[in-house]
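This report describes selected residues, the nonpolar cores and the ligand site of the structure shown below.

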Amino acid sequence: MRRYAISLTAMGLAAFGWAAMAEAATPVTKATVDTTQPGAEISRQIFGQFAEHLGTGIYGGIWVGKDSAIPNTRGIRNDVVAALKAIKVPNVRWPGGCFADEYHWEKGIGTGKRPVTLNSNWGGVIEPNTFGTDEYMDFLSQIGADSYVSANVGSSTPRETAEWLEYMTSEKETSLAVARRENGHPAPYAVHFLGIGNESWGCGGNMTPEHYADEYRQFATYAKNYNSAVPMKKIASGANVDDYNWTETVMKDTQGQGMDGLSLHFYSGFENWPPYQPATGFDETEYAKVIKTALRMDELVTKHSAIMDKYDPQKKVALVVDEWGAWLKNEPGTNPGFLYQQNSQRDAVLAAVTINIFTRHADRVRMANIAQMINVLQAMILTDGDKMVLTPTYHVFKMYVPWQDATFLPVSYDAGTYTHGTVTLPRADIAAAKAKDGKVYVSITNIDPTQPLEVDLSALGLKAKSASGQTLTAPKLDSINTFDKPNTVVPKAISATAKNGSLVLKLAPESVTVVSLD
Ligand code: AHR
């Protein structure tokens with residue numbers, strides 16, 4: 001039903017100039033939000049973050065140490081905390097990733113000198129263990145996020161996980177709880193989520209799904225939470241991309257074993273090691289290719305969910321997409337093992353369409369973690385010494401804050417198409433939600449980087465007189481924010497004009513817009 005905005009006025013003016021012609025050619029889509037058919041709750045946990053001991057994600061990005069000249073609170077940098085508080089990070093997955101399956105928590109506690117180990121996965125660098133469990137929990141309390149701890153299954157034992165949980169959560173005066181008190185934290189910590197292994201099909205032990213399911217059952221048996229005030233959810237290590245056999249086998253073999261979530265990992269733009277898609281300086285072909293891979297998330301979530309439905313029709317087990325985002329070529333001159341990449345307006349589009357996919361599957365996808373929070377892969381924040389810059393992806397997460405724990409609302413619209421070379425994508429990607437503040441929010445991504453888009457919005461069950469919010473646009477296909485120019489891609493105010501009973505929004509090419517209907 002794609003139509004073009006050729007109004008009588010525009011047709012009349014067309015004879016007199018290109019400007020009017022250009023306006024006449026702007027694609028238009030009509031979108032209707034149905035507020036009378038609310039869907040599932042969009043869990044705030046889908047806006048989760050991932051922080052691994054990798055490159056400068058932790059050291060430099062979060063932890064600078066108490067004696068640093070960079071302003072910090074107990075060693076954790078204040079600028080980063082303030083920025084993360086503003087996007088209301090719901091949870092942070094830590095300490096990995098592949099790092100988690102080589103991590104031994106006892107080396108990361110204590111007030112004295114801690115053992116120095118190697119980070120064999122990521123650059124083979126020294127791991128000083130100065131950021132450990134107590135520092136992680138302090139960081140979470142500073143930003144107001146829940147904990148998501150990844151337990152070592154690949155190179156450890158159920159006993160090590162059980163003792164880590166006792167250290168973190170015991171209310172009773174066991175020796176480990178006393179050690180926690182001596183390390184400065186008498187009250188038990190809350191472990192909201194426990195990941196049992198990471199990528200157990202790969203860096204987490206190269207297991208078969210049958211073997212992993214056995215390991216899961218054994219680890220889960222002893223993974224006890226002693227903090228009676230806060231329940232702990234257990235998340236099993238899930239499939240890589242389209243490994244549906246993994247999901248099938250783990251769901252079948254772990255039924256009734258107290259599994260609250262099963263994970264899924266999928267990176268856009270990544271095919272084989274080493275990653276080759278440039279993060280900046282790319283052309284339209286590379287733009288279209290990466291966005292196309294991102295849209296594959298819908299197919300993956302749909303198919304994994306269908307398998308989960310067979311074993312869990314009541315959807316008690318969440319599909320937890322605890323690693324997603326763009327995995328691109330590392331920034332020239334950086335250590336390839338540090339996975340440091342720039343973040344462009346393309347990443348903003350990628351983030352928005354992925355979040356929209358999660359909202360459409362909100363009944364099953366109840367948690368997700370973008371990889372990774374700071375200085376690694378598709379980051380929210382980049383730092384360099386005392387400098388910090390917010391990425392386009394950060395701004396998308398900020399624009400979506402009202403969507404946390406909102407209710408999904410269906411939207412009917414004709415997406416249209418955008419074609420470049422052999423790649424055809426939907427032109428528009430639209431989602432809606434009713435937020436806790438009572439307002440209806442609509443998110444519209446104009447995927448087409450070559451043409452503006454007019455959206456004529458209306459709502460069933462709501463008399464909306466205006467729509468206003470923010471739009472994220474960029475001067476170039478691959479615009480980025482840098483330490484020197486941090487405001488190239490920042491949200492700007494946008495509002496709709498009323499026309500023939502619709503609210504009309506004019507959106508820039510390659511843009512992300514979130515408005516509320518009032
Ligand atoms: O996010 C980087 C790595 O990607 C993680 O450590 C691992 O789980 C995945 O392969």
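Gln-277 has a relative accessible area of 2% and is therefore buried, the limit for that class being under 20%. In this predicted model, the residue belongs to the loop that runs between strand E13 (261-268) and helix H9. Beyond its neighbours within four places in sequence, Gln-277 is in contact with Gly-269, Glu-286, Lys-289, Val-290, Leu-328, Lys-329 and Arg-346.

Two further residues are buried with a relative accessible area of 0%: Ser-511 and Ala-348. Ser-511 is part of strand E29, which spans residues 511-517. When residues up to four places away in sequence are not counted, Ser-511 touches Gln-345, Ile-444, Thr-445, Asn-446, Thr-471, Leu-472 and Thr-473.

Ala-348 is placed in helix H10, formed by residues 345-360. Its contacts, leaving aside neighbours within four places in sequence, are with Pro-392, Thr-393, Val-396, Leu-472 and Val-512. Between the C-alpha atoms of Ala-348 and Ser-175, the distance in space is 48 Å, while the two residues are 173 residues apart in sequence.

Is Gly-461 buried or exposed? Its relative accessibility is 65%, and because the threshold is over 50%, Gly-461 counts as exposed. Gly-461 is located in the loop between strand E24 (453-460) and strand E25 (467-472). Once neighbours within four places in sequence are left aside, Gly-461 is in contact with Thr-35 and Thr-36. Thr-36 is 425 residues from Gly-461 along the chain, yet their C-alpha atoms are separated by 5.7 Å.

The largest nonpolar core contains 111 residues, of which Leu-84, Val-92, Phe-139 and Trp-324 touch the most other members. Helix H9 (residues 284-311) gives the most to this core, contributing ten residues. For Leu-84, the residues touched are Val-89, Phe-139, Ile-143, Met-373, Ile-374 and Ile-381, not counting residues up to four places away in sequence. Apart from this core lies another, of 22 residues, with Leu-453, Ala-459, Leu-507 and Leu-517 among them.

The ligand is surrounded by 13 residues, the closest being Glu-52, Cys-98, Glu-199, Tyr-267 and Glu-323. By class, this shell consists of seven nonpolar, three polar and three charged residues.

| Residue | Protein atom | Distance from a ligand oxygen atom |
|---|---|---|
| Glu-52 | N or O atom in the side chain | 2.7 Å |
| Cys-98 | polar backbone atom | 2.9 Å |
| Tyr-267 | N or O atom in the side chain | 2.7 Å |

On its own, the ligand has 280 Å² of accessible area, and the protein covers 94% of it.

Methods. Residues are numbered from 1 along each chain as its sequence is written. This is a predicted model: local features need pLDDT of at least 70, side-chain atom pairs count only at pLDDT 80 or more; totals for chains, interfaces and linings use all residues. Side-chain values use heavy atoms; hydrogens and water are left out. A residue is near a molecule or strand if one of its heavy atoms lies within 4 Å of it. A polar contact is a pair of N or O atoms within 3.5 Å; within protein, one must be able to donate a hydrogen and the other to accept it, and residues adjacent in sequence count only if both atoms are side-chain atoms. Accessible areas come from the Shrake-Rupley method with a 1.4 Å probe; for residues, only the protein chains shown count as cover. Ala, Val, Leu, Ile, Met, Phe, Trp, Tyr, Cys and Pro count as nonpolar, Asp, Glu, Lys and Arg as charged, and the others, Gly among them, as polar. A nonpolar core is a set of buried Ala, Val, Leu, Ile, Met, Phe, Trp, Tyr and Cys residues joined through side-chain atoms within 4.5 Å. Buried means under 20% relative accessible area, exposed over 50%, partly exposed in between (1.4 Å probe, protein chains only). Helices (H or I, at least four residues) and strands (E, at least two) are DSSP runs, numbered from the N terminus. Contact means heavy atoms within 4.5 Å.
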